[in-house]
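Subject: Handover of a structure

Dear colleague,

Please find below the structure that I am handing over to you. I would be grateful if you kept it open while reading the notes that come after it.

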Amino acid sequence: MVFAVVILFVCLAYGSSARFQDTNIHSEDLSKAVNDYFLCRHCGTDISPLSSLISIDSPAASDSRVSQLFGLKNVKVQTVKNSLHSQFEILTLSKTLCVGKGNWQTEDSWFPGYVWKVCVCAKCGRHIGWMFEPLHLATSDKIYPSKEGFYVVIISSIINELHADSLIVVPKHFSTIEEISD
């Protein structure tokens with residue numbers, strides 16, 4: 001209830017659009033962003049709320065565009081390549097529930113001044129993206145980035161919960177069982 005009041009206040013204070021972490025989420029999209037989550041496309045585990053989308057430009061991006069994705073307008077999508085020339089379409093997020101693996105890497109960072117490590121789904125262990133931390137704050141014992149850090153997820157590794165829920169069909173026999181018990 002308190003959260004709903006805060007969202008209402010933000011909508012009223014900022015007019016027709018509110019800014020969350022430098023990404024425009026229009027007021028008509030607020031209910032979707034607040035109640036929807038990114039899920040691991042492989043196992044369905046919660047990865048992050050849609051409201052954690054942020055916009056951080058990568059100078060290494062070969063393409064950058066604003067798209068309508070996951071029922072939201074103005075979502076920044078960037079295309080990057082790694083040192084093996086694998087190409088990824090990515091989103092930047094302020095927080096996720098993914099787990100960092102390995103050591104912080106300084107080479108081949110798409111974001112100058114940041115180090116990175118692979119980020120995997122906490123449940124199934126699938127690679128879903130990377131976490132980035134400012135170079136001066138990265139220590140070997142950190143498994144999550146600081147508040148100055150951020151996450152990058154591969155679009156093809158996630159799905160939003162509302163879309164996933166729309167794909168689930170209730171078997172017809174469930175309705176007949178309810179009718180029999182009445």
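The notes below cover the chain as a whole, then its cysteines, then its charged pairs.

The model is a predicted one: local features need pLDDT of at least 70, side-chain atom pairs count only at pLDDT 80 or more, and totals for chains, interfaces and linings use all residues. Residues are numbered from 1 along each chain as its sequence is written, and side-chain values use heavy atoms, with hydrogens and water left out.

The chain as a whole

The chain contains four helices and 13 strands. Both are DSSP runs numbered from the N terminus: helices are H or I with at least four residues, and strands are E with at least two. The chain has 182 residues, of which 37% count as buried. Here, buried means under 20% relative accessible area, exposed means over 50%, and partly exposed lies in between (1.4 Å probe, protein chains only). A contact means heavy atoms within 4.5 Å. Among contacts between residues at least 6 apart in sequence, 48% join residues at least 24 apart.

The cysteines

A disulfide is a pair of cysteine sulfur atoms within 2.5 Å, and by this rule the count is one. Which residues does the disulfide join? The partners are C98 and C119, with an S to S distance of 1.5 Å. C98 lies in the loop between strand 8 (87–93) and strand 9 (99–105), while C119 belongs to strand 10 (residues 114–120), so the pair ties together parts that are 21 residues apart in sequence. The torsion about the S-S bond of C98 and C119 is about 105°, so this disulfide is right-handed. Both C98 and C119 are buried.

C43 is partly exposed, at a relative accessible area of 29%. C124 is likewise in no disulfide; the nearest cysteine sulfur, that of C40, is 3.7 Å away. C124 has a relative accessible area of 31% and is partly exposed.

The charged pairs

Side chains of opposite charge can pair when their charged atoms come close. A salt bridge is a side-chain nitrogen of Lys or Arg within 4 Å of a carboxyl oxygen of Asp or Glu, and by this rule there are four.

R65 takes part in a salt bridge with D63 (3.3 Å, N to O). R65 also forms one with E89 (2.7 Å, N to O). R65 lies in strand 6 (residues 63–69) and E89 in strand 8, so this pair ties together parts that are 24 residues apart in sequence. R65 is partly exposed at 31% relative accessibility; D63 is partly exposed, with a relative accessible area of 34%; and E89 is partly exposed at 34% relative accessibility.

Another salt bridge links K142 and E133, whose closest N and O atoms are 2.8 Å apart. Salt bridges that share partners join D63, R65 and E89 into one network.

With kind regards
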